[in-house]
Every structure is written in C-alpha cells, then in structure tokens.
Amino acid sequence: HCSASSAGVSLSVGTVGQGGAGWSCERHGCDSFAKIAAPRWAVFRAVVLLLGLCAACAGGEVAAVKGGAARAGGGLRGNTAAGFVAFVPGARPLSAVLATGAIAMQAPGMQGVDPMNGGDQDKEKLYQLVAELSREETRETALLELSKKRETFPDLAPILWHSFGTTATLLQEIVCIYPLLSPPQLTAHASNRVCNALALLQCVASHQDTRQLFLKAHIPLFLYPFLNTISKTRPFEYLRLTSLGVIGALVKMDDSDVINFLLTTEIIPLCLRIMENGSDLSKTVATFIVQKILLDDTGLNYICATAERFFAVSNVLSNMIQGLTKEPSTRLLKHIIRCYLRLSENARARDALRHCLPEQLWDASFTSCLREDASTKRWLSQLMFAVGVDPSAQGQQAQQQQQRGPGLAPPH
C-alpha cells in the first residue's frame with residue numbers, strides 16, 4: 001500500500017484482492033479498481049505514484065497533479081483485455097501516455113527520462129523487469145536480464161534508484177551473502193547472482209543523477225566485506241572484482257565528493273591488500289582506484305600526510321614492481337608508474353622516493369613492455385627527472401654489472 005499527496009489531492013494506491021489494484025482520491029471522494037495482470041500491478045502502482053495521477057471515475061478526468069493536465073473522455077475502464085489500465089476512448093495504455101511525454105515523471109532525477117530511447121514495447125519490458133525485482137520468484141531472472149542489458153538502458157540508474165523498494169532489494173541480495181564469507185562457503189551460483197546485483201549498483205554509482213544519492217546512502221560500505229575476503233577461489237575472486245568495479249565506477253567520474261567519502265572509509269587498506277594478493281585483473285582495478293585517489297589533491301595530501309601512509313602505499317607499489325619482473329603486465333605497470341609520478345609531485349614524498357624507488361624502473365626490466373606505450377614511457381621519464389635519476393647512467397651501470405656477472409661489486 002502506497003500513498004502520495006500533492007496539489008490538494010491525496011492519492012492512495014494498493015492491491016485489492018488477487019491481481020487487482022485500487023486507488024482513492026479525496027478530492028473527488030471516489031474509489032476505483034482495475035484488474036491488472038500480475039506482475040504489472042506493481043508497475044502500475046509505481047507509475048501512478050510517480051505521475052501523481054488522480055483518476056475521477058465520475059467525470060472521466062485524468063489530472064496530472066504535478067505535471068500539468070491531460071484529459072481523456074469517458075471513465076476508467078477496468079478488466080481490460082490486455083490486463084493493463086486503459087483510458088477510453090482510444091484505449092491507450094498508461095505506458096503509451098508515458099511515451100508521448102504528455103505527462104512527465106516527477107520523481108527527483110527522473111525528469112525527461114527516456115529509458116531506452118526506443119519503442120513502447122521496450123520501455124514496458126524495462127518497467128516489467130524492474131518490477132520483477134520485488135518478487136522472489138522472478139528476481140534472479142530479472143537481475144540477470146537487467147545486468148546483461150544495462151548498457152542498452154541509458155537511464156536505468158534513476159529508474160532503479162527511484163522505483164519503490166528496488167534499492168532495498170539489491171542490498172538484500174548483498175547482505176544475504178555475508179554468512180557465506182567466513183568460513184568461505186560461496187558457490188559459483190550465489191556469486192553470479194550477487195554480482196548481477198552489484199552490476200546494477202555499478203550502474204547507479206556511475207550515473208550523474210544518482211551518484212550523490214548513492215554516496216549519501218553509504219551504499220559502498222555494503223561492499224567492503226566482499227573486498228576484505230582472502231579466498232582465492234573463483235567465486236570469491238569474481239565477487240571481489242565486481243565489487244571493485246563499483247568503486248572504480250565512482251572514482252572514474254573525477255568527483256571530489258567521491259574521494260572525500262572514500263578517504264573516510266577503509267578503502268585504501270582494502271585496495272592495498274588486493275594489490276598485493278589479488279589476481280592480475282583485481283590488482284589492476286585496485287591500483288586504478290588508488291591512482292584516482294592520488295590524482296585528487298585531497299587524496300594526495302591525505303596519503304602523504306604521514307610517513308606511515310606513504311610507505312604503506314610505496315611499499316606495496318615496490319612489491320608489485322618486483323612481481324612484474326616475473327609476470328609482466330603492461331596495463332598494471334602503467335597504473336603503478338602513474339601512481340609513482342603523482343606521489344613525486346609532493347615534496348616530502350619526492351624526497352622519500354629518491355631512496356625507495358625500485359631500480360627495475362630504470363634498468364632494462366620493462367623495456368619490452370613499454371616499447372609501444374609512448375604515454376607510459378613519458379610518465380617514467382618525468383618520474384626519473386623528478387626524483388633526480390639519470391636513466392642512461394643507471395642503465396650503463398646496470399649493463400656493466402650484468403657483464404661482470406652476479407656477485408661482483410663494481411670497483412670504487
């Protein structure tokens with residue numbers, strides 16, 4: 001049962017019996033009922049509340065309480081053959097009224113939403129899938145379908161966020177996995193299902209109209225238990241990677257509010273652990289997150305504020321460089337070098353880097369990796385210049401050391 005009130009009209013919409021929806025209007029003193037095929041009653045309820053529709057049975061008036069007015073002759077017709085409310089004459093379904101733009105959705109962030117830039121049938125399918133998230137028996141399929149097609153729905157994020165109960169449903173999918181984390185009992189099926197929910201939250205996190213709301217609700221904190229796991233099995237690795245994707249979608253927007261929020265949480269220690277022990281792909285995403293935090297002035301100042309924070313980051317970066325000499329990854333190396341270069345822009349960090357920068361960065365260890373990457377080679381040259389290292393001199397010294405053989409120190 002839901003209610004809405006605006007412009008002197010109190011509208012109440014809820015289920016009446018099996019497969020029906022009823023609503024009442026205090027202005028007209030009337031009650032109405034229409035049979036709506038399940039599960040579309042939930043869509044109807046949500047749309048009616050979003051539109052602020054007031055249905056007056058006596059006069060056949062359809063008033064857009066918040067968005068102007070639209071009229072259709074006759075009264076509301078119940079028990080429609082299509083199973084969806086229609087106005088007479090013309091028998092136009094409510095979804096068609098939405099598509100014409102005659103009545104605008106008025107929920108915050110929903111103005112002008114065209115979920116698929118497609119036809120009425122596609123829009124109805126989207127609304128139906130979102131409604132099916134609220135029903136346990138259809139939720140898993142809806143999660144899968146929406147996660148696979150989220151790129152097709154440009155404004156899926158505000159629809160998910162503002163639709164009744166959807167965010168709570170996605171959080172329920174996350175929380176119900178917590179008991180499987182320790183001891184590790186997560187199955188591939190459970191991991192796939194919660195990752196589909198996380199994919200929808202990533203959609204919300206990356207959309208400009210819902211990103212701030214996402215942060216204010218502290219939704220990222222629900223993902224931290226997943227990032228804190230250490231099991232290397234595939235279900236857990238997939239879970240960590242997808243959770244990192246949500247945080248990565250936030251920092252990708254270059255929003256200072258996002259960085260300020262993350263700095264008040266434990267995201268940096270969690271990322272550092274994954275950078276040391278995760279898979280190559282997880283390491284890359286976690287390093288990207290740290291890089292984006294460093295690229296923000298607040299983030300750089302935070303990490304360089306104390307020696308403990310600085311060396312926690314630089315030691316992990318150094319260990320990763322050591323590992324890349326055995327298993328090279330150009331993409332990961334690029335993010336590491338960018339982190340070092342950004343650290344060198346802080347005076348105290350620059351002085352420290354002169355003593356702790358890995359020598360593999362200036363010897364021939366990564367020559368083949370960087371051969372085709374002009375931007376990363378430029379960043380590396382800038383880093384060497386900033387910390388006062390002459391790559392050519394260091395390279396000649398390394399080559400002489402190699403010619404002398406292992407265990408021989410250069411003459412003084």
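This is a predicted model: local features need pLDDT of at least 70, side-chain atom pairs count only at pLDDT 80 or more; totals for chains, interfaces and linings use all residues.
Local features were taken at pLDDT of at least 70 and side-chain atom pairs at pLDDT 80 or more, whereas totals for chains, interfaces and linings use all residues. Residues are numbered from 1 along each chain as its sequence is written, and side-chain values use heavy atoms, with hydrogens and water left out.

The protein chain contains 19 helices and 9 strands. Both are DSSP runs, numbered from the N terminus: helices are H or I of at least four residues, strands E of at least two. Of the 412 residues, 50% are buried (under 20% relative accessible area; exposed is over 50%, partly exposed in between; 1.4 Å probe, protein chains only). Contacts (heavy atoms within 4.5 Å) were also sorted by sequence separation. Among those between residues at least 6 apart, 62% join residues at least 24 apart.

Two packed helices are described by the angle between their axes and the distance between the axes. Axes are lines fitted to C-alpha atoms, for helices over the stretch in contact, and angles run from 0 to 180 degrees between N-to-C directions. Helix α4 (residues 136-148) and helix α7 (residues 188-206) cross at roughly 65°, and their axes come within 9 Å. This crossing is left-handed (the near helix is turned anticlockwise from the far one by less than a right angle; clockwise is right-handed). From α4, the contact residues include Glu-136, Arg-139 and Leu-143; from α7, they include His-189, Arg-193 and Leu-200. The contact of α4 with α7 comprises 6 nonpolar, 3 polar and 4 charged residues. Here Ala, Val, Leu, Ile, Met, Phe, Trp, Tyr, Cys and Pro count as nonpolar, Asp, Glu, Lys and Arg as charged, and the others, Gly among them, as polar.

Helix α12 (residues 267-277) packs on helix α13 (residues 280-295) at about 145°, with the axes 8 Å apart. The α12 and α13 crossing is left-handed. Ile-267, Cys-271 and Met-275 are among the α12 residues in contact; Ala-286, Ile-289 and Val-290 are among those of α13. The classes here are 9 nonpolar, 3 polar and 2 charged.

In helix α17 (residues 347-356), Ala-349, Ala-352 and Leu-353 are buried. Viewed down the axis, these residues fall within an arc of 110°, so they line one face of α17. The arc is that of the directions from the helix axis to the C-beta atoms. The buried residues pack against α15 (307-324), α16 (330-343) and α18 (374-387). At the start of α17, a side-chain oxygen of Asn-346 comes to within 3.1 Å of the backbone nitrogen of Arg-348. Ala-347, also in α17, is partly exposed at 44% relative accessibility. Its C-alpha lies 9.3 Å from that of Cys-304, 43 residues away in sequence.

Thr-376 belongs to helix α18. This residue is buried, at 0% relative accessibility. Its side chain forms a polar contact of 2.8 Å with that of Asp-373. A polar contact is a pair of N or O atoms within 3.5 Å; within protein, one must be able to donate a hydrogen and the other to accept it, and residues adjacent in sequence count only if both atoms are side-chain atoms. Beyond four places in sequence, Thr-376 touches Lys-334, Ile-337 and Leu-370.

Ser-163 sits in the loop between α5 (156-162) and α6 (166-175). Ser-163 is buried, with a relative accessible area of 15%. Its side chain reaches the backbone oxygen of Leu-160 at 3.2 Å. A polar contact of 2.6 Å links the side chains of Ser-163 and Thr-166.
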